[in-house]
Amino acid sequence: MDLDFELRSDYIPLCDLLKYCGVTETGGMAKHLIAEGLVLVDGEVELRKTAKIRAGQVVSGDGFSIHVA
């Protein structure tokens with residue numbers, strides 16, 4: 001699943017991005033994925049659930065890639 005997400009503000013918390021893009025059904029599931037070290041931001045493991053994701057970053061994991069614009 002390769003997605004594009006357009007920001008409407010300066011940033012979006014990582015857990016919210018995963019939920020909004022349909023990677024997880026709930027915010028709780030998103031937080032679990034992040035805590036397990038299964039989410040990468042720009043190729044690096046990100047363990048902060050509310051990491052600020054900004055335009056130009058790529059969030060990826062098993063079976064998904066989100067390009068933030």
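Helices, meaning DSSP runs of H or I with at least four residues, and strands, meaning E runs of at least two, are numbered from the N terminus. With that convention, T24 is found in the loop between α1 (14-20) and α2 (27-35).

Good morning, colleagues. The structure shown is a predicted model, in which local features need pLDDT of at least 70, side-chain atom pairs count only at pLDDT 80 or more, and totals for chains, interfaces and linings use all residues. Residues are numbered from 1 along each chain as its sequence is written, and side-chain values use heavy atoms, with hydrogens and water left out.

Let me begin with the overall fold. The protein chain has two helices and seven strands, and their order along the sequence is β-β-α-α-β-β-β-β-β. Its C-alpha trace spans about 25 × 20 × 20 Å along the principal axes. The radius of gyration, taken over C-alpha atoms, is compared with a globule rule of 2.2 Å times the number of residues to the power 0.38. For 69 residues, a compact globule would have a value near 11 Å, and the 10 Å of the protein chain agrees with this.

Areas come from the Shrake-Rupley method with a 1.4 Å probe, and for residues only the protein chains shown count as cover. The accessible surface of the protein chain comes to about 4,200 Å², and 48% of this belongs to carbon and sulfur atoms. A residue is called buried under 20% relative accessible area, exposed over 50%, and partly exposed in between (1.4 Å probe, protein chains only). Buried residues account for 33% of the 69 residues.

A contact means heavy atoms within 4.5 Å. Of the contacts between residues at least 6 apart in sequence, 46% join residues at least 24 apart.

I now return to T24. Is this residue buried or exposed? T24 counts as buried because its relative accessibility is 6%. Leaving aside neighbours within four places in sequence, T24 is in contact with L18, K19, M29, A30 and L33. A polar contact is a pair of N or O atoms within 3.5 Å; within protein, one must be able to donate a hydrogen and the other to accept it, and residues adjacent in sequence count only if both atoms are side-chain atoms. In such a contact, the T24 side chain reaches the backbone oxygen of T26 at 3.0 Å.

The second residue is Q57, placed in the loop between β5 (52-53) and β6 (58-61). Q57 is buried, since its relative accessible area is 18%. A polar atom of the Q57 side chain lies 2.8 Å from the backbone nitrogen of R54. Not counting residues up to four places away in sequence, Q57 touches V41, D42, K52, I66, H67 and V68.

One of those partners, D42, deserves a remark. D42 sits in the loop between β3 (39-41) and β4 (44-45) and, at 44% relative accessibility, counts as partly exposed. Its phi is near 55°, a positive value in a residue other than glycine.

Finally, two strand residues. I12, in strand β2 (residues 12-13), is buried, with a relative accessible area of 7%. With residues up to four places away in sequence not counted, I12 touches F5, L7, L17, Y20, A51, K52 and I53. D4, in strand β1 (residues 2-5), is exposed at 70%. Thank you for your attention.
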